[in-house]
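Here is a short report on one protein structure. Look at the sequence and the model first, then read on.

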Amino acid sequence: MNRLKTLSLRLSAIACALLLLATVVACDKDDDADMSNWEDRNQMYYHDAYNAAMACILSNDTTWSLLFKNNGETQPTNVVLVCTVKKGKGTDTPQSTDSVKVHIKGQLVPSTSHPDGYTFLTSYNETSAAAAHPLTFSADGKMANTTTPSVEGLGMVLQKMHVGDHCRVYLPYELGYGTAGCPSMDIPPYSTLTYDITLIEIIK
């Protein structure tokens, strides 16, 4: 029964992920050098993802959930979209003062030169899974041993995850690096962020 439940969860996640991909892939992919409409493209990408996620939720797909910045605030700009690809066996969630070890991949929206989205952060080794090394973050979304600012939306997600959880996450720029971007990671202002995250360990 547990195997069937796990299989059903994964198939549901794949189905809605494909729906989401089909919806957002239509987003304009102008050349990266032309940043004149970057904000509009990113907002369109996020809002299309939001609508696709809502369609999955309304169809009783439990793999998708919404995290709200403020209770009762339902504006999309204050909402993190979370797809649980796989549920872990952990029972605890990180507290705001904890740190976590994660496997993580962060990307920007698709573009002409990066059809799958520019990867600005990864703990994975594309050629060898054995060579992958988890990264450490504070539970509020700041990467350890760096000067990069914390990512509010990432912190919201990390504090809801259990060890072993694997989630696909979509952040509006307001819950990412905002209007300033993050030059040290080549992230422009107004960037929608997507993350693939697996929680490996909670560090008290």
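Helices (H or I, at least four residues) and strands (E, at least two) are DSSP runs, numbered from the N terminus. This is a predicted model, in which local features need pLDDT of at least 70, side-chain atom pairs count only at pLDDT 80 or more, and totals for chains, interfaces and linings use all residues. Residues are numbered from 1 along each chain as its sequence is written, and side-chain values use heavy atoms, with hydrogens and water left out.

**Two loop residues**

N145 sits in the loop between β5 (135–138) and α3 (152–158). N60 belongs to the loop between α2 (38–58) and β1 (64–68). Each has a positive phi without being glycine. Accessibility has set classes: buried is under 20% relative accessible area, exposed is over 50%, and partly exposed is in between (1.4 Å probe, protein chains only).

| Residue | Phi | Relative accessible area |
|---|---|---|
| N60 | near 65° | 67%, exposed |
| N145 | near 60° | 84%, exposed |

**Cysteines**

A disulfide is a pair of cysteine sulfur atoms within 2.5 Å. The count here is 0. Take C167: its closest cysteine sulfur, in C83, is 7.8 Å away, so the gap is too far for a bond. C167 is buried at 5% relative accessible area. C182 is buried too, at 3%.
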